[in-house]
Amino acid sequence: MNRHVLLGQALAGVVLLACSAAPGHAATQGKASTHKSSAHKGHASKSAAQQSGDPVIMTSQPGSALDKAARTLNADDLASAARHHEKPLVLIGSAPLSTSGKSVGLFVQVQSASLCGSAGCSTDVYLQHNGGWTKVLDSVSGPITLLPTTHGIMKDILVDGSDRWIWKKGTYVDTLVATDLPGFKTSIRRHQAAMKKSGHPVSE
């Protein structure tokens, strides 16, 4: 009787191994795993895209209405470049700045040796209003991205990958605030007081 029991257990083990090694069974498991992994990757990519926002692409568009507006708005810079005998390159881009898409931004970068400093060429941003353009962001350097986050009804703007600008009271303001070193102002006041006491002039 013990022999029959052992034989039955052995046969059960063989059947179990055969089922787990069957081609159809293995393929089903692999397919399910792949589908789950692909879905996870797709979700992660979508989340990353939403966080990164939409880059503003600026190109040369000579003769276009936006190029004409950009040249009018930057007439002083173009005149300055001309005085240096330069022919600057005007790059422009446009994108909706409001969540409704009704407020369109004009991005302008004038490139020339005399206008671009060590930080690179700067970009101005204008907002279309009542048939004209109003400057809402002045002279920022680096790639510009429109973020999915907003303040009011206007999209946040990311400059050079780390500098976030937000809409406040009709214009864009920088969120990077210089931090004051502990005791630095107090130290300056003490130094100025000591200089006054000694009779040395102090510039305020």
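**Entry 1: Leu97.** I looked up Leu97 and found it in the loop between strand 2 and strand 3; helices (H or I, at least four residues) and strands (E, at least two) are DSSP runs, numbered from the N terminus. The model is predicted, so local features need pLDDT of at least 70 and side-chain atom pairs count only at pLDDT 80 or more, while totals for chains, interfaces and linings use all residues. Residues are numbered from 1 along each chain as its sequence is written, and side-chain values use heavy atoms, with hydrogens and water left out.

Is Leu97 buried or exposed? I found Leu97 buried, with a relative accessible area of 0% (buried means under 20% relative accessible area, exposed over 50%, partly exposed in between, with a 1.4 Å probe and protein chains only).

I then checked contacts (heavy atoms within 4.5 Å). Leaving aside neighbours within four places in sequence, Leu97 touches residues including Phe107, Leu127, Ile153 and Tyr172. Leu97 and Leu127 are 30 residues apart in sequence and 8.1 Å apart in space, C-alpha to C-alpha.

**Entry 2: helix 3.** I went through residues 65–73 and noted Asp67, Ala69 and Ala70 as buried. Seen down the helix axis, the buried residues of helix 3 fall within an arc of 160°, so they line one face; the arc is that of the directions from the axis to the C-beta atoms. On the other side, Ala65, Lys68 and Thr72 are exposed. The cover over the buried residues includes strand 2 (89–96), strand 3 (104–111) and strand 5 (132–141).

**Entry 3: the chain.** I counted 5 helices and 9 strands. Of the 204 residues, 24% count as buried.
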